[in-house]
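Q: Hi, I'm new to this one. Could you walk me through a few local features?

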Amino acid sequence: MTRLRTLRRKVTRSEAFLNLLASVTRGFILCYYATLRVTRETDPESEKLEPGKRLYGFWHGRQFLLVPGFRDTGIVIMTDISWAGEVQTRVLQGLGYNVVRGSSRRRPARALMAMKAEIERGHPAAFALDGPSGPPGRSKPGVLFLAAKLRYPVVPVGTAASRRVCIPRTWCDYQLPLPFSRCVVKLGRPIWVEDGSADTGSLDSEVERVTREADRAVGRELGNGAGRAYMVEEIERTEEEWKRELTPEQYRVVREGGTEPPFTGKYDDFKGEGVYYCVACGNPLFRSSEKYDSGSGWPSFWAPVSEKSLVTEDDDSLGLRRVEIKCGKCGAHLGHVFEDGPEPTGLRYCTNSIALDFEHEKQNGGNG
Ligand SMILES: [Zn+2]
């Protein structure tokens, strides 16, 4: 047994095996990429930059499109010191990248200095800003350190695919575009980092903005985990007024972001035909035609009545990144949207029954 394991270890670490695996992977990536319909848009300010003097930054999990898309550009990338990093290095080198080995966890300063030296030879560099270990949506300090030291701007990159699968969990850690999907790569406005600045705010929000724009360009603007709120509070009431209008249970959910226990809400196992309105303001939110049985214990829909029915907001409570859905008119908390819904949207709008008010479709149809 031990001898077998030693042999396997020897084979999988041999030059011949690593090279073969890398070239098969590379071929697969290029064939796969050839099926995608990718368009790229660059902010005019980024277009004006000197090609070698920039750093690219994007969210981890959104990089699949970038690896084949930016091949043969000499971009500098850091790979891990591990067996997988060994394979990645060969794949990337074969695609015309400059690879620096290192880790942001072990000896980060040394790896960054090696990267800096490579960049100073005239190559741009690329970073998954929030790294594989998160927290998602927050840039790590390494890229800021390099940007400040070199006085190079960071060009935020957002990518999106019209159809994609999420790996490895239902929540999107890594997005793999499906073959033949429509994809967008957006290069945003360059962000200059001041020396000694530990503030990642402006960079983070620009990366989020281009990622969100890319999502919107392929028609996936909700539930992407990459967007900030855009609140259209048409109805403004004080909390006292809301308390008077709503029952205590309704108030706890829609104004305080509470969640009703699963399998208890009146619309979970409900199949009436009609429209679901916001319990607080009467805004039409969902139709029965988009309701489906998700098995989650909460009423679930794969699309809202219209784009303006809802607004979304990132929710980082419970140590998870989720996207909260709110009524587009009064801001009532409704639930969350997840990316494990059915086609055609692939989204699951998971709501609290208590936030909804159902009304049966009028017989004979028509408004007359
Ligand atoms: Zn409302």
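**Loops and a sheet**

Q: Where does D72 lie?
A: D72 sits in the loop between helix 4 (66–69) and strand 3 (76–79). Helices (H or I, at least four residues) and strands (E, at least two) are DSSP runs, numbered from the N terminus. Residues are numbered from 1 along each chain as its sequence is written. This is a predicted model, so local features need pLDDT of at least 70, side-chain atom pairs count only at pLDDT 80 or more, and totals for chains, interfaces and linings use all residues.

Q: What about the phi of D72?
A: D72 has a positive phi of about 60 degrees, although D72 is not a glycine.

Q: Is D72 buried or exposed?
A: D72 is exposed, because 8 other C-beta atoms lie within 10 Å. With C-beta atoms placed from the backbone, a residue is buried if 20 or more others lie within 10 Å of its own, exposed if 12 or fewer, and partly exposed in between.

Q: And where is R151 found?
A: R151 is in the loop between helix 7 (141–150) and strand 6 (154–161). Its phi is positive too, near 60 degrees, and R151 is a residue other than glycine. R151 is exposed, with 11 other C-beta atoms within 10 Å.

Q: Switching to sheets: what is the order of the three strands in the open sheet?
A: The order is 11-10-18, with antiparallel pairing. Two strands pair if DSSP finds at least two bridges between them.

Q: Which are the edge strands?
A: They are strand 11 (284–287) and strand 18 (356–360), each pairing on one side only.

Q: How many bridges join strand 10 to strand 11?
A: Three bridges join strand 10 (residues 274–278) to strand 11. For Y277, the bridge partner in strand 11 is P284.
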